[in-house]
Amino acid sequence: ATRTEHAKKMTEKRANEAKKKILNCITGMFAHEYKKTSGNWNIMKIAKDTGTSRNTVMKYLPKDTLF
């Protein structure tokens with residue numbers, strides 16, 4: 001594989017792993033820990049626990065569950 005192909009493959013792999021981590025947080029057994037009292041998701045807590053940024057969390061959270 002060329003360098004470009006390899007870079008694309010690795011970027012896609014990292015994106016898929018981040019998406020899986022975030023979805024596991026909000027659908028897992030402890031999903032209630034990531035909800036605020038207002039019913040919104042605690043983006044900072046999800047980002048901290050998954051090791052990703054706030055922007056990544058916002059990107060991969062399902063749009064209908066954001067607010």
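How many aromatic pairs does the count come to by the ring-centre rule?

1. **Aromatic rings.** The count comes to 0 aromatic pairs. The rule takes the rings of Phe, Tyr and Trp (its six-membered ring) and pairs them if their centres lie within 6.5 Å; planes under 30 degrees apart would be stacked, over 60 edge-to-face, and the rest tilted. A charge does meet a ring, though: K35 lies over the face of W41, 4.3 Å from the ring centre. For that label, NZ of Lys or CZ of Arg must be within 6 Å of the ring centre and within 35 degrees of the ring normal.

2. **What you are looking at.** Please keep in mind that this is a predicted model, in which local features need pLDDT of at least 70 and side-chain atom pairs count only at pLDDT 80 or more, while totals for chains, interfaces and linings use all residues. Residues are numbered from 1 along each chain as its sequence is written, and side-chain values use heavy atoms, with hydrogens and water left out.

3. **Fold and overall shape.** The protein chain has 3 helices and 0 strands, in the order α-α-α from the N terminus. Helices (H or I, at least four residues) and strands (E, at least two) are DSSP runs, numbered from the N terminus. With a radius of gyration of 14 Å, well over the 11 Å that the globule rule gives for 67 residues, the protein chain is more spread out than a compact globule. That radius is taken over C-alpha atoms, and the rule is 2.2 Å times the number of residues to the power 0.38. Along the principal axes, the C-alpha atoms fill a box of roughly 50 × 20 × 20 Å.

4. **The core.** The largest nonpolar core has 12 residues, among them I22, W41, I46 and Y60. α1, α2 and α3 (54-60) each supply at least two residues of this core, and the largest share, 4 residues, comes from α1. Such a core is a set of buried Ala, Val, Leu, Ile, Met, Phe, Trp, Tyr and Cys residues joined through side-chain atoms within 4.5 Å. Of the 67 residues of the protein chain, 22% count as buried; buried means under 20% relative accessible area, exposed over 50%, and partly exposed in between (1.4 Å probe, protein chains only).

5. H6 lies in helix α1 and is partly exposed, at 43% relative accessibility. H6 and I26 are 20 residues apart in sequence and 31 Å apart in space, C-alpha to C-alpha. F30 sits in the loop between α1 (3-27) and α2 (43-50); its relative accessibility of 46% makes F30 partly exposed too. S53, in the loop between α2 and α3, is partly exposed at 37%. From S53 to A18 the separation is 35 residues in sequence and 9.9 Å in space, C-alpha to C-alpha.
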